[in-house]
Amino acid sequence: MRPPTDPDLITLHAAAVALARSMRGEPDARRFVEGLSPHLRDVIPHDRLLLIREDETPVPSPASWLTLPLEGVDRAIGSLAIAASAPATYTEAHATTARRIAEMLGPLVENMVLLQKERDRRRRMAVLPEVSRVIAGSLDVRNIFQELGAAVRTVLDFDLMLVRPIGASGTLQRSVLLVGDVPADLQPERRLEDYSFGARLAAKEIVLLGDARRELDQSFPGDRAALERGVRSVIVAPLVFGDTLGGVLAFAKHDPDWFDEGDAEVVSGIAAQVVVALQHQRLSEEQQRVAAAEQHSRWLERRVERLRGALAERYGFDSIMGRSGALREALDQAALVAGQETTVLLTGESGTGKELVARAIHYASRRSDGPFVAVNCAALPETLAESELFGHERGAFTGADRLKRGRFEVAAGGTLFLDEIGDLTPSVQAKLLRVLQERQYERVGGTTSLRADIRLVTATNRDLEHLVEAGTFRADLYYRLAVFGIHLPALREREGDVLVLAEYFLRTLGERMGRRQSRLNDQARQLLLAHTWPGNIRELQNAIERALIAADGRVISPAHLGIAEHVPLATGLSSGAPIAAGSVLTSQPLAVVEKQAVADALRRAKGNKTQAAAALGLSRGAFYRRLERFGFVA
């Protein structure tokens, strides 16, 4: 061997620099070393010139070879292997020369390796714009995750890619964001503590495992499950939302040492974009929920308005039937006080419509959005009246096994209607007076004061002033209740309203009972006008309902109403003369009235059944059925 001279090394160095420049566009350290072989052969004879990196296993030894360490500026790069097929080719002089060459080539090879890594990194990182494009295609990551996996595979080959969110309980949830060979039912919920690298993820570090068999610990259930599925190489990146760990992005391969630091860098960039995509998805879902809630709220508002309008139409002052001056005067007074918070006392006989007027006052008031709670004081047991009105605490008395809200509490924000107020016991009167004075009360057995946020309307069919004089009703409470009194006239005092109400009940009840064609004949109308109606509107409604049931035909006759004995009516009605008020007074059962009406009709028609049936407003068949029922025919 000719000893190398400095010019030889200078020439080799110049060739190496020129070769490195020529490979600037496609740097490849291994190809660079192999390309120096012709230039080195004049200095050291060889058949092969190889670069063995730090993380690579040396190739099997040929007959002769030299292995020299390649050192960069501050770190080892690998080894330079000079090999010959002939045995005993190299001497100590060759080794000395090879060391000088390795020292000279070390920085050049290091630069080539760095350029190659940077090129590979840029190539890999070039996938991120494509990832951004795919993610931008939908606000729902589930719709584009398969496409995202295909984009990532161009630079990062994997067998499994998945996102596992961390739930509110701190556990890794089952994923629906999955590309690969693991079905969702093989993803049990796990804690980070179930993995040997869980602490690193909790610290928001990316995890890179070259060989799971060497690096995982089977004593951890998560590690054991991964090994059982044949996972060898793993990258797990934390998904950080602000300062919170919200999930992980994982890539797995069944081959060892598949991923490197460059791959981990790419995964880190992908994870950042997945976080943005998931944030956008959550924001979109929240906006959708808000929009749905707003839409539902608008629907509810429209429904409430419709219901409020229906209630106002059903219970408003305009819905109260009647044209008499006495009634209109009472309704005008009610409408006048409705807009105030003033306590109202409604007086009048039973059945005059006091609750109906109370509801109209409520729906015309500022509290119409609140509840209307009606209480019949006469129906309250004396021992439970306070509990019903004011509620009770659990254990307040025997049987009070739970807290009960009273009617004052249920009616909060609305109107409380106390009917038959004159039937309250003295003890309840005293407590009611205190509520009206202080606007506060306590539940039975309780000590906490509750605010009485109600508008009070009361009603009675009794003479409260007389009860005050008799000492059975508190005078101070009476004056608190009678701030604004309204008297509702009896039906007999409402001239012209009887037939109006009768036609109204005939229409509404007929529709409900499927008898829309029913009508009153003239005799029935005369009877309605003649009756004194001690039960007022309620009695009239019951009479119409009874007649609709009793009438087989479409025409309602006096016999069907069941409100008075028919004997004195027969002669009066046959002439068509109106019946004087009070002339028909005796009430009879319907069967008795009907039998007498049939007998009278036959007598007036002189036995002519067709004429008798026509007089009663019945069909011939219906009339014959009555004849058989009452024993007029065999």
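I started with strands β2 and β3 (residues 76-84), which pair in the antiparallel sense over eight bridges. Here strands pair if DSSP finds at least two bridges between them; strands (E, at least two residues) and helices (H or I, at least four) are DSSP runs, numbered from the N terminus. I followed W65 across to β3, and its bridge partner is A83.

A note on what I am looking at: this is a predicted model, where local features need pLDDT of at least 70 and side-chain atom pairs count only at pLDDT 80 or more, while totals for chains, interfaces and linings use all residues. Residues are numbered from 1 along each chain as its sequence is written, and side-chain values use heavy atoms, with hydrogens and water left out.

**Entry: the open sheet.** I looked up the strand order next, and it reads β1-β3-β2, three strands in an open sheet with antiparallel pairing. β1 (48-53) and β2 (64-71) are at the edges with a single partner strand each, so one side of each has no neighbour in the sheet. From one strand to the next I get an average twist of 20 degrees. Helix α4 (residues 92-125) lies across β1, β2 and β3, and runs at about 50 degrees to β2. For that angle, axes are lines fitted to C-alpha atoms, for helices over the stretch in contact, and angles run from 0 to 180 degrees between N-to-C directions.

**Entry: β11 and its partners.** I then moved to β11 (residues 344-347), which runs parallel to β16 (residues 455-460) and is joined to it by four bridges. L345 stands opposite T458 in β16. With β17 (residues 484-487), β11 again pairs in the parallel sense over four bridges, and there L346 stands opposite I486.

**Entry: T460.** Is T460 buried or exposed? I find T460 buried, at a relative accessible area of 0% (buried is under 20%, exposed over 50%, partly exposed in between, with a 1.4 Å probe and protein chains only). T460 lies in β16, and its side chain reaches the backbone nitrogen of R462 at 3.0 Å. Leaving out residues up to four places away in sequence, T460 touches L345, L346 and T347, among others including K354 and E420; contact means heavy atoms within 4.5 Å.

**Entry: S518.** I found S518 in the loop between α18 (497-513) and β18 (519-520), buried with a relative accessible area of 11%. Not counting residues up to four places away in sequence, S518 touches L506, L548, R554 and I556. L548 is also one of the buried residues of helix α20 (residues 536-550).

**Entry: aromatic pairs.** How many aromatic pairs are there? I count eight, taking rings of Phe, Tyr and Trp (its six-membered ring) with centres within 6.5 Å; planes under 30 degrees apart are stacked, over 60 edge-to-face, the rest tilted. F158 and F251 have ring centres 5.4 Å apart and planes at 70 degrees, so I log the pair as edge-to-face. These two are 93 residues apart, and the pair links distant parts of the chain. Both F158 and F251 are buried. For F390 and F408 the centres are 5.1 Å apart and the planes at 20 degrees, so this pair is stacked. F390 is in helix α13 (residues 385-390) and F408 in helix α14 (residues 407-410), so the pair ties together parts 18 residues apart in sequence. I also noted that F390, F408 and Y441 form one aromatic cluster.

Key: A polar contact is a pair of N or O atoms within 3.5 Å; within protein, one must be able to donate a hydrogen and the other to accept it, and residues adjacent in sequence count only if both atoms are side-chain atoms.
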